[in-house]
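Me: I would like to go through this model term by term and ask what each label rests on. Please set the values against the cut-offs.

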Amino acid sequence: MNTDKILNNSFCRCTQIWKDKGALPFFILILTFLFSLAVYAEAQTINLKSLIAKPETYDGKMVSFEAEAIGDPLRGKKGSWFNVQSGEYNMGIFVKNQSIINSINYWGNYKERGDLIKIKGIFYKNCSVHGGRDLHLVDLEVVEKGKKIKLKVADGKKRFALFSFVIFLTLGSIYLIKIRLWQQK
Amino acid sequence: MVISPTKKDLSTILNLLGRLILGLSFFMLVPLFVAVAMAESSPFFDFVIGVSLSGAFGLILLIFFPIKNEISWIHTFFTVSLGWLFFSLLGAIPLFLSGHFGSFLDACFEAMSGFATTGLILIQDLDHLSFSHNTWRHLTMFIGGQGIILASLSILSQAKSVAVGFYLGEARQEKIFPNVMGTARFIWKVSFIFLITGVAAYSLILSKIGLPILKSVFQAFWLFFAAFDTGGFTPYKQSIAYYHSFQLEIATIVFMILGAFNFNLHFWLWHKEKKEIFKNFEIKTFLFTFFSLLLLIYLPFLGTNFTGLFRGGFYQLISAHTGCGFTNLEGGVLMGFPLLSILAVIFAMMIGGGVCSTTGGIKLMRIGIIFKTIFAEVKRWIMPPNAVFKEKYHHLNNLLLSNKRIKDAFVIFILFIITYVAGALIAIGLGYPGIAALFESVSATANVGLSSGITSPDMPNLLKVVYIVQMWVGRLEFIAVFVTLGVLLSFFKK
């Protein structure tokens, strides 16, 4: 009986405070604080290495990390895919809206360094739709533009290539002469 | 009595080795042309150096070591064993020059992994590798898979009598035609037809998912080499998972299985009897082991959806059983499986595919014979003491389960088990967890290429050397290596 009374009283007091116009800004302040906390938790900024090392910690959660876009954008079922790399770690990113990835200009390959992008999305340790580990993209931002890689050949390498090729040709000639001599014998 | 070679024998062996190395130099022209076509200047010089050094080395052997006596099986066994080692050393030159390897040992590891059709990798930043180097990595699997020896013989052969020894030396016990050159030609013909089909299928799928046409065709070639030769290299670190394509996964399964089939069976199905596929002993053994292991791998996954089951279990098991080593799972996911599933993958890798195929491992025929022997023994115990019976099995013809066949199967089986365990113990000694160590040791010896994560540029050099040796002996199925070591010892004792 006492508990019911206390609960009833608390409910009445809450309603009273809510009705009181003076308390409204206080509630708005609390709500704003909680909302900003939620936003912060929504996109935990991590790196790809820790995401891959502790998948269970981030399973089903909104995460954010930076990585290089590599390869090519790929068409998939009900969306698109692309892959990212950070150090020795890679991951596949699923995108429902193809237009989001149009902002990526450089895709990493032998001749190009891909755009460094900040990815925000929901990470799945074992995605129920695609059957594996992936990240469903929510937002993408190009942090650093990629570029064409300047490919220079070291002079030493050129000289050594020429030197070894001359040796190869010389030995080839000696061998051919030797075969001719054998055949004449 | 041990056959001990003379200096004349060594000269003959080195001459044969020189011919093979010249063949390797010829193959390096392919990535060289790719470098020209794709305007890759630094890789162009890498391959000029590779072609020149390996060609020069081959020529030195040919000039200074003429054939001095009649070629016998001992020369060919020797040449096969040494051939793989020298191919790895010389094939590593352009890879090392690419700048994607921490050391020359790492590049040798990668080259041996390619030639032995294993698929374990030590390359760094693979996703930024040039077209030409990627072509070379995948071509090593094609050369190793179709047989270094068969490939070189087709180009260089002058002494056809040598061929049989070469063929047997690289662990292909069965001949398709009485003449081994006929066998070689048949293997090349079948491979070429599959190559056209495979490349067309892969190109279509890859261009459909959005790859540019040129990239699709290149990657179709690479993936075909990797699937049909059960090698397992891919141009991306994520392996097949990079493509996120169910159709590609199905297409790779088809060619992985075709590559793991006995070439004799291919011949039978093409030229003789189609029904052989339902009667064949190796196929029956494959179905039995595959579905038993599938049950084992799936038990912990019960309740998940079809995509999860396919990606989680089926694909990995096919890849492990055929010795290919492709994976459609992102890095590290496989070792997060329950222990029972990991054990199923390990057993599948241990077994491998058909005899006279491009796979490694104990092989289906031997596993089948061992099972049959055990059942025969049980039968013998429950039958009347004076009953006489003979066990048979069907592999192209009806064959008797003879004592020689049983002995041969058990010898190779035991040698594989010892090597699997020895490699695992060394890795455990170096501080790696037991199950991961066993997984990697089996993967290296059976030339599979799936990784528990141990194989990385940071692993100790000792372990890199151990895995190189395991890939080498596993590919040649011990005997050619043992003969070489034994004969070498006797030569130095003299």
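Me: What makes β1(B) and β2(B) a hairpin, and which residue sits in the turn?

Reply: This is a predicted model. In it, 1 residue lies between β1(B) and β2(B), and B:L396 in the turn has a positive phi of about 70 degrees. The strands, residues 392-395 for β1(B) and residues 397-400 for β2(B), pair in the antiparallel sense over 4 bridges. Pairing requires at least two bridges, so the 4 bridges between β1(B) and β2(B) meet that criterion. Across the pair, B:Y393 stands opposite B:L399.

Me: Which residues of β1(B) are on the covered face and which on the uncovered one?

Reply: B:Y393 and B:H395 make up the covered face of β1(B), while B:K392 and B:H394 are on the uncovered one.

Me: How do you know that β3(A) and β4(A) are paired, and in which sense do they run?

Reply: They are joined by 7 bridges and run antiparallel. The criterion is at least two bridges, so β3(A) and β4(A) count as paired. One facing pair is A:V84 and A:M91, the latter in β4(A). β3(A) and β4(A) also form a hairpin, with 2 residues between them. In that turn, A:G87 has a positive phi of about 65 degrees.

Me: How many bridges does β4(A) have with β7(A), and in what sense do they pair?

Reply: There are 2 bridges, in the parallel sense. A:I93 has A:L135 in β7(A) as its bridge partner.

Me: Why is β4(A) described as largely enclosed by the rest of the structure?

Reply: Of its 7 residues, 7 are buried, so the strand is largely enclosed. Both faces are covered. A:Y89, A:M91, A:I93 and A:V95 are buried on one side, and A:N90, A:G92 and A:F94 are buried on the other. For chain A, 26% of the 185 residues count as buried.

Me: What else describes chain A as a whole, in helices and strands?

Reply: Chain A has 5 helices and 8 strands. Their order along the sequence is α-α-β-α-α-β-β-β-β-β-β-β-α. Among the contacts in chain A with a separation of 6 or more, 52% are between residues 24 or more positions apart.

Me: Why are α5(A) and α3(B) called roughly parallel?

Reply: Their axes cross at roughly 30 degrees and come within 8 Å. Angles under 35 degrees count as roughly parallel, and α5(A) and α3(B) are therefore given that label. The crossing of α5(A) past α3(B) is left-handed. The residues of this contact divide into 17 nonpolar, 4 polar and 3 charged.

Me: Which element gives the largest share of the side of chain B that touches chain A?

Reply: Between the chains, 39 residues of chain B are in contact with 38 residues of chain A. On the chain B side, the elements that give two or more residues are α3(B) and α15(B). The largest share, 13 residues, comes from α3(B). By residue class, the chain B side divides into 20 nonpolar, 15 polar and 4 charged.

Me: What makes α4(B) and α6(B) roughly antiparallel?

Reply: The two helices pack at an angle of about 155 degrees, with their axes 10 Å apart. Angles over 145 degrees count as roughly antiparallel, so the label applies to α4(B) and α6(B). Their crossing is left-handed. B:G91, B:P94 and B:L95 in α4(B) meet B:H133, B:W136 and B:T140 in α6(B). The residues of this contact divide into 3 nonpolar, 3 polar and no charged.

Me: Why does B:S357 count as buried?

Reply: B:S357 has 26 C-beta neighbours inside 10 Å. The threshold for burial is 20 or more, so B:S357 counts as buried. The residue is placed in the loop between α16 and α17 of chain B. Leaving out residues up to four places away in sequence, B:S357 touches B:G259, B:A260, B:F261, B:N262 and B:F263.

Me: How many Å separate the C-alpha atoms of B:S357 and B:L53?

Reply: The separation is 31 Å, and the two residues are 304 residues apart along the chain.

Terms used:
Residues numbered from 1 in each chain as written. Chains lettered and ligands numbered in written order. Predicted model: local features only at pLDDT ≥ 70, side-chain atom pairs only at ≥ 80, totals over all residues. Contact = placed C-beta atoms within 7 Å. Nonpolar A, V, L, I, M, F, W, Y, C, P; charged D, E, K, R; others polar. Axes fitted to C-alpha atoms, helices over the stretch in contact; angles between N-to-C directions. Parallel < 35°, antiparallel > 145°, perpendicular 65-115°, else oblique. Left-handed = near helix turned anticlockwise from the far one by under 90°. Buried ≥ 20, exposed ≤ 12 C-beta atoms within 10 Å, placed from the backbone.
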